[in-house]
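Visitor: I am new to this structure and would like to learn how to read some of its features, one after another.
Guide: Then let us look together.

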Amino acid sequence: MKAVKGRFFFGGVHVPDMKALSQDCPIKELPEPPVVTIATSQSLGKPAIPCVGVGDTVAKGQLIAKADGAISSNVFAGISGKVTAITELENEGGQKGTYIVIEGDGSGSTQYLTPLTDPSKEEIVQRVKDAGIVGLGGAGFPTAVKLTPRTPVDTFIINGSECEPYLTCDHRVMIEKTDEVVRGARYIAKALGVSNIMIGIELNKPDCIAAFEKYDDVKVVALRKIYPMGGEKQLIYSATGRKVPVGKLPADVGVVVNNVATCLAVCEAIELGKPDLDSILTVSGKAVANTANVLVPVGTPVSYIIEQCGGEASAPKKVVLGGPMTGVAVKSYDLYVKKTTSGILLLSEKEAAAEEPTPCLNCGLCADHCPMHLMPMNTAFYSSAGDIENAAKLGGAMYCIECGVCEYVCPAKRPLIQAIRKTKAAVRAQQSKGGK
Ligand code: SF4
Ligand code: SF4
């Protein structure tokens, strides 16, 4: 179906996309790492509970940790081998969690789920849950929950915007796995009981737009290239004109959104019985020897991936897991890929260009560009004064999608995201203690 143009949304920013560094690198399956270290926390919500013990032999695709409740996800062995440790480690954000270490045996034994033919809507939802599929656009929300919305929906949107600079793994998926993405989207649409399938793709990916225009049952929306076009609320408005009110969910305006990689995972879980056990991610930045898009099992060490990409071309000024706008800057390569890891960036001195923060100029630019109409300078001001209540109330921190636009445009280089995350964590801690 011929693409139609998307609408403009308020706020946002034009960021150099840096996609030329890796957009022509086909997805390459790396040789299996000798050891994987798999976090039991692979989604929003509670970590999964290990169901294997040290010394157990496991097959690739075997369940190794069971979801703990609805907002949690099953975790699977990404390689075959022996469980050598179940241990506590720090993740990229510095939080401790349980990890299952598997030493590979190279046997290639697999234990997948039984493939399904023409599944019912209930079978699709159950399979997505059993296969541990989570939103692969970054947030890691368990997909099965999204497929059973509390309110009726009429539209499913595939998020193919990939607006984060540097990242091109979704671009490659859209080109190399177009049909699987469409089949996955059709299963999701069936589970939701909708016939209106749309895909939003930014105009900087004309090859992807052309690839999806070949399907009669998928409406392609060509989106303006602006960050954060891939934010759910921004995408929904651009594609449908519907506004998701503050504090409401996409389903409240009749829409469910999933990323292209999630659609691919759904297709593979149904047709191949393959659980969510690997990740396709971009390795980029001018400080890595060879940029790439790679397919690796969850738990693969970041150090192994960099080694497989030829190592460092120069000493990186900054290393980021994820994209430069929403990812996490890390100090070590001793970290492990999760289902949601979308990128590893080794940024050179020039690319990182970090500047020291200076006092706020009260220029208002952060608020002018915020796509959620928030006041991030207020959150930063009250948070630094220890006044969490006003940081949340007068800055709107709890509605922040952490897109990073405010920090990007701030001429004083204020650490706004840090203040927002701190405020959110403090509010959630108060709420879990029963406070308001
Ligand atoms: S306050 Fe949040 S939503 Fe607004 S620009 Fe900053 S990071 Fe994005
Ligand atoms: S953009 Fe930066 S300097 Fe300007 S008001 Fe916001 S925090 Fe202050």
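**Reading the features**

Guide: This is a predicted model, and we may begin with a pair of strands, where Val75 in strand E7 is the bridge partner of Ala65.

Visitor: How many bridges join strand E6 to E7, and in what order do the strands of the sheet lie?

Guide: Strand E6, residues 63–66, is joined to E7 by 2 bridges, and the two run antiparallel. They belong to an open sheet of 3 strands with antiparallel pairing, in the order E4-E6-E7. Strands E4 (49–50) and E7 (75–76) stand at the edges and have a single partner strand each, so one side of each is left without a neighbour in the sheet.

Visitor: How do helix H4 and helix H7 pack?

Guide: Angles of 65 to 115 degrees count as roughly perpendicular. Helix H4 (residues 178–192) and helix H7 (residues 260–271) pack at about 80°, with their axes 7 Å apart, and they are therefore roughly perpendicular to each other. Among the residues making the contact are Tyr187 and Ile188 of H4 and Leu264 and Ile270 of H7. The residues of this contact divide into 10 nonpolar, 1 polar and 3 charged.

Visitor: What should I look for in the backbone?

Guide: Most residues other than glycine have a negative phi, and most peptide bonds are trans. Here, Met18 has a positive phi, near 55°, and lies in the loop between strands E1 (4–5) and E2 (27–29). Asn362, also not a glycine, has a positive phi of about 55°. The peptide bond from Tyr227 to Pro228 is cis, with omega near 0°, and Pro228 is in the loop between strand E12 (218–223) and helix H6 (232–240).

Visitor: Is Asn362 buried or exposed?

Guide: Asn362 is exposed, with a relative accessible area of 67%, whereas Met18 is partly exposed at 25%.

Technical notes
Residues numbered from 1 in each chain as written. Chains lettered and ligands numbered in written order. Predicted model: local features only at pLDDT ≥ 70, side-chain atom pairs only at ≥ 80, totals over all residues. Heavy atoms only, no water. Axes fitted to C-alpha atoms, helices over the stretch in contact; angles between N-to-C directions. Helix = DSSP H or I, 4+ residues; strand = E, 2+ residues; numbered from the N terminus. Parallel < 35°, antiparallel > 145°, perpendicular 65-115°, else oblique. Contact = heavy atoms within 4.5 Å. Nonpolar A, V, L, I, M, F, W, Y, C, P; charged D, E, K, R; others polar. Pairing = 2+ DSSP bridges. Buried < 20%, exposed > 50% of the residue type's maximum accessible area, 1.4 Å probe, protein only.
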